[in-house]
Amino acid sequence: MNKGYNNYDKYPFIKAKGKAYQGYDEIRILIESSKERIIVLDCYPIVDIKSIVDGLGNLFDEIFYTDTCAYCGEELTAKMQKNLTDDRIFGVMTTDCLSDYFIDSKIKNMKSAVQNSTGRVLVIGVGAMLVWEGGFNVHCSLARWESQLRFRKGAPNWNCDNFDMDPLTKFKRGYFVEWRIADKHKIENNDKFHYFMDTNSIDCPKMIAAENYKAALEKAVNTPFRVVPYFDPGVWGGQWMKEVCGLDKTQKNFAWCFDCVPEENSILYDFDGVKVEMPALDIVLHKGKELLGERVQARFGNEFPIRFDFLDTMDGGNLSLQVHPTTQYIHEHFNMPYTQDESYYILDSGEDSCVYLGAREGIIADEFIGALNNAQETGEIDVEKYVNKWSAKKHDHFLIPGGTLHCSGSNAMVLEISSTPYIFTFKLWDWGRLGLDGKPRPINIKHGSKVINYSRDTKWVKENLIDKFDTIEETDTYKAEKTGLHINEPIETVRHWFTDEVYHKSNGSVCVLNLVEGEEAEIISPDNSFEPYIVHYAETFIIPENVGDFIIRPTKKTKGQKLATIKAYIR
């Protein structure tokens, strides 16, 4: 097993200009110095409003909680139900607006009360700008990963008391409804906010002026950058990331690393030594054209279409046997415009590493689905009777277009490269295991049975989906290989082996890369438009389309060594 180089950076950041106000003492002083009488704190769902009110102390003569103007509890759930559905995991993406969940008469009454109030007033809560937008306006932000951690610790969804509900169901409510309406509201009011507050730390929030945050976003789309990775254990998790990424060795395992999922990840901005954590999604929402490229934005909108993450089964177990929906199915059933086509790039492997991929030739669909359903009762199924098992070694690349049966076996370290709708995995068999919470993991045979493409059988998979390496260009110092993805998938991947600098074209698309071989490399600008940027082994990094062409080369430390990157972009 590769032990790594002990240089994986778990807390990458972007240098930003301007002052960040750190902690409640500094934020109180800033508010007190404002000439505005009415202070508006518009909060993202799951922001801890009580801690903010307590932290600001007795600054205010009166406090108005805007959540009291919204539907709540069962009534709120009923209004969301068309999108929540009865499924434990899957819902339908909402097209609603935040205002659809507020009661007009209550908003009107609170506006009147705020207008007639005297002294310094705080208007706080989700949708605060719906009540008042003429004061000292602050958006209180929260990373989605932090929201999920709070769900696990018992936090309820917005305006609900579902403290004890399954965290997966809470996440579903956030994913399909809450986050969508909150993002739409944030975009609509972006130019009205005077400050942005990082509330990921309950005890020590940080606040930055809007002009400084906008300048930080502008810098982000004009330089290579990394999002803040996060790691999570799983029932099949392994030990590789503990060593290579420098994680807590007392933990049982780590299964996932979300190394580049901007919808979930955050970004750290360094304002003169103060690290402010904001959602990476803000760059996508507010700088979509510069980040993605005009062609990609026209195709996907302000959504980041490429995802890189790690799946660690080294000394662990098999992933669940699964299939992703076709584009038609995900659009018709979940209101999603595209599906999760993906691939497994084998970053490292053990002697018995394997990948399950594609249907065995000649299997009967009804017999296979029947066996899967029976297995939920008996706990047994001969998977290899129905699904191909392929040996896997380091630097192999397995392509997995939607509709293809697949899963990684144990003792593999997978760099998963995919399009973004990562939640839509139809698990068919989980090897008879319970989740870490002691509950059965969700199985979705009903959905999965409707999208399996049985023509992707043994012969077809071998010819089309495994190690489809085509040399594009080769010199004495580098070799460029097209490694996929399949023609049905929107993402192109290219691997470069190099001992000297390699000139990369932007291809009119945002590029996502990972250093899959070597200790470190350096990204430089052909015209010095950004400062040289160092990346380390296994780190994923983003090159915004606005950057244009770029060069990757060994550093002084790795000069003469053979390095490799894999690059993904939208065709």
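An axis is a line fitted to C-alpha atoms, for helices over the stretch in contact, and angles run from 0 to 180 degrees between N-to-C directions. With that definition, the axes of helix H3 (residues 73–84) and H7 come within 10 Å and cross at roughly 90°. The model is a predicted one.

**Helix pairs**

- Angles of 65 to 115 degrees count as roughly perpendicular, and H3 and H7 are therefore roughly perpendicular to each other.
- On the H3 side, the contact is made by Leu 76, Thr 77, Met 80, Asn 83 and Leu 84; on the H7 side, Lys 172, Arg 173, Phe 176, Val 177 and Glu 178 take part.
- Sorted by class, the contact of H3 with H7 comprises 5 nonpolar, 2 polar and 3 charged residues.
- Helix H7 (residues 167–188) also packs with helix H6 (residues 144–152), at an angle of about 145° and with the axes 10 Å apart.
- The crossing of H6 and H7 is right-handed.
- In this contact, Arg 144, Ser 147, Gln 148, Phe 151 and Arg 152 of H6 meet residues of H7, among them Pro 167, Lys 170, Phe 171 and Trp 179.
- The contact of H6 with H7 holds 4 nonpolar, 2 polar and 6 charged residues.
- Helix H1 (residues 23–33) and helix H2 (residues 49–56) have axes that come within 9 Å and cross at roughly 70°, which makes H1 roughly perpendicular to H2.
- Tyr 24, Ile 27, Arg 28 and Ile 31 of H1 form this contact with Ser 51, Ile 52, Gly 55 and Leu 56 of H2.
- The contact of H1 with H2 divides into 5 nonpolar, 2 polar and 1 charged residue.

- Strands of a sheet pair through backbone hydrogen bonds, either parallel or antiparallel.
- E1 and strand E11 (residues 266–271) run parallel and are joined by 4 bridges; Ala 16 stands opposite Phe 271 in E11.

**An open sheet of 4 strands**

- Another open sheet has 4 strands in the order E25-E30-E27-E28, with antiparallel pairing.
- Strand E25 (502–504) and strand E28 (533–536) stand at the edges with a single partner strand each, so one side of each is left without a neighbour in the sheet.
- From one strand to the next, the twist averages 25°.
- Strand E27 (residues 520–524) and E28 run antiparallel and are joined by 4 bridges; Ala 521 stands opposite Val 535 in E28.

**Buried strands and their partners**

- Why is strand E10 (residues 256–260) described as largely enclosed by the rest of the structure? The reason is that 4 of the 5 residues of E10 are buried; a residue is buried when its relative accessible area is under 20%.
- E10 pairs with strand E9 (residues 230–232) in the antiparallel sense over 3 bridges, and Cys 257 in E10 is the bridge partner of Phe 231.
- E10 also pairs with strand E13 (residues 306–312) in the antiparallel sense over 3 bridges; there, Trp 256 stands opposite Leu 311 in E13.
- E13 and E20 run antiparallel and are joined by 7 bridges, with Ser 419 in E20 as the bridge partner of Ile 306.
- Strand E15 (residues 342–349) and E20 pair in the antiparallel sense over 7 bridges, and Tyr 344 has Glu 416 in E20 as its bridge partner.
- In strand E20 (residues 412–419), 8 of the 8 residues are buried.
- In a regular strand the side chains alternate between the two faces of the sheet.
- Both faces of E20 are covered, with Ala 412, Val 414, Glu 416 and Ser 418 buried on one side and Met 413, Leu 415, Ile 417 and Ser 419 buried on the other.

**A loop residue**

- Trp 132 lies in the loop between helix H5 (128–131) and strand E6 (136–141).
- Leaving aside neighbours within four places in sequence, Trp 132 is in contact with Ile 38, Val 40, Lys 111, Val 114, Gln 115 and Asn 137.
- Trp 132 and Val 535 are 403 residues apart in sequence and 45 Å apart in space, C-alpha to C-alpha.

How values were computed:
Residues numbered from 1 in each chain as written. Predicted model: local features only at pLDDT ≥ 70, side-chain atom pairs only at ≥ 80, totals over all residues. Heavy atoms only, no water. Buried < 20%, exposed > 50% of the residue type's maximum accessible area, 1.4 Å probe, protein only. Helix = DSSP H or I, 4+ residues; strand = E, 2+ residues; numbered from the N terminus. Pairing = 2+ DSSP bridges. Left-handed = near helix turned anticlockwise from the far one by under 90°. Contact = heavy atoms within 4.5 Å. Nonpolar A, V, L, I, M, F, W, Y, C, P; charged D, E, K, R; others polar. Parallel < 35°, antiparallel > 145°, perpendicular 65-115°, else oblique.
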